Amino acid sequence: MIGNDIIDLKVSLPERKSENSRFMDKVFSKKERSFIENSEDGEMILWLMWSMKEAAYKAHQRNFGLSRALNPLSFSCALNLSERSATVLCDRHIYSIVSEVKSQYIHSYTCREAVFQKVFVKPGMNKEHLLEEIGAVVNLHGTALHIEKDSEGIPSLSFHNSTKKLPFSLSHHGNFTALAIPLINC
Amino acid sequence: MSEKDIIDRLKKIVEPYVQRMEGLKNFQEETDFLKDLQINSANLVDVVLDVEDEFDIEIDNDSMEGMLTVGDAKSIIQRKISGR
């Protein structure tokens, strides 16, 4: 199941959330907090873990057709810092997450299946451009594709002249838009 | 505290986190923090904290989980105030 999350670090890092103990209490478990507090760059690790939990949340929500919820404490993140990967556990289900960490952004996505992922700078990004990019991955012209969202806002890709739907995950933050498409049936 | 009073104070709280300003024009119980106002989920946690401060209440994790619309927030605030 697919899920992704992008963090624009220029927006997030100045918020100095690691110093906000009430925020930390609502978002991270004791174990996660101690990992963050013992890290050299706690502020960065905090957002890395947040994005991993978010990517897992989206995959979990899609997987079980769940209603939206603001429940970061239901997702517990065990980080492997050297590999920039993590396993995130929710309700006895395990999600494997990997992250691309750059100076300006963090992009986390689930990685159980092969995934195409790409990060765009948003000002140059409109819906047509996004569909063209997706079309290049699935070998179809962008105009043959539609983005559909279900009642919970979970997106899928639908095709002209076909009832087939392809799940994909989309995330926007600050200057960035990120896309993750599982490479199945295409 | 009247419902209108709660909703007016809520509007002031969420304003700094709103990404889609048109969503504020019609600020009512059905207004969805994520879909209509495009508040990101980390900032929605900030909204929860600001609501705690503004109304002098504590929002437990179960309540936070379901605080996705203005109406959700209003009900939680009313419940917490009456149980204070």
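**Figure 1. Five salt bridges link chain A and chain B.** Across the interface of chain A and chain B in this predicted model, the rule finds five salt bridges. In one of them, the side chain of A:Arg22 meets that of B:Glu52, with 2.9 Å from N to O. Sorted by class, the side of chain A that touches chain B has eight nonpolar, four polar and six charged residues.

**Figure 2. The interface of chain A and chain B, residue by residue.** Let us look at the whole interface now. How many residues of chain A are in contact with chain B? There are 18 residues on the chain A side, in contact with 19 residues of chain B. The size of an interface is often given as the accessible area lost when the parts come together. Between chain A and chain B, the buried area is about 1600 Å². Carbon and sulfur atoms give 55% of this area. Which residues of chain A lose the most area to chain B? They are A:Lys26, A:Arg68 and A:Leu70, which together account for 48% of what the chain A side buries. Polar contacts can be counted as well: ten residue pairs, with both residues at pLDDT 80 or more, are in polar contact between chain A and chain B.

**Figure 3. Chain A is divided into two domains.** Here we stay within chain A. The domain assignment gives domain 1 (4-110) and domain 2 (115-182) of chain A. Their C-alpha centres lie 23 Å apart. Where the two domains meet, 19 residues of domain 1 of chain A are in contact with 20 residues of domain 2 of chain A. The area buried between these domains is about 1600 Å², and carbon and sulfur atoms give 56% of it. On the domain 1 side, A:Asn4, A:Ile6 and A:Arg62 lose the most area to domain 2 of chain A, together 40% of what that side buries.

Figure 4. How many salt bridges are counted between domain 1 and domain 2 of chain A? The count is one salt bridge. A salt bridge to find in this view is formed by the side chains of A:Glu152 and A:Arg68, at 4.0 Å from N to O. On the side of domain 1 that touches domain 2 of chain A, the elements giving two or more residues are strand 1 (4-8), helix 1 (9-12), helix 4 (42-64) and strand 5 (105-110) of chain A. Strand 1 of chain A gives the most to this side, with five residues. By class, this side of domain 1 has six nonpolar, seven polar and six charged residues.

Figure 5. For chain A, UniProt lists residues 2-97 as "domain: 4'-phosphopantetheinyl transferase" in an unreviewed entry. This span of chain A is 44% helix and 22% strand, and its end C-alpha atoms are 10 Å apart. For chain B, UniProt lists residues 4-81 as "domain: Carrier", also from an unreviewed entry. Residues 4-81 of chain B are 60% helix and 0% strand, with end C-alpha atoms that lie 15 Å apart.

Conventions. Residues numbered from 1 in each chain as written. Chains lettered and ligands numbered in written order. Predicted model: local features only at pLDDT ≥ 70, side-chain atom pairs only at ≥ 80, totals over all residues. Heavy atoms only, no water. Domains from an automatic or database assignment. Contact = heavy atoms within 4.5 Å. Buried area = accessible area lost by both parts, 1.4 Å probe. Helix = DSSP H or I, 4+ residues; strand = E, 2+ residues; numbered from the N terminus. Nonpolar A, V, L, I, M, F, W, Y, C, P; charged D, E, K, R; others polar. Polar contact = N/O pair within 3.5 Å; in protein donor to acceptor, adjacent residues only side chain to side chain. UniProt positions renumbered as here; feature names shortened; annotations may be inferred.
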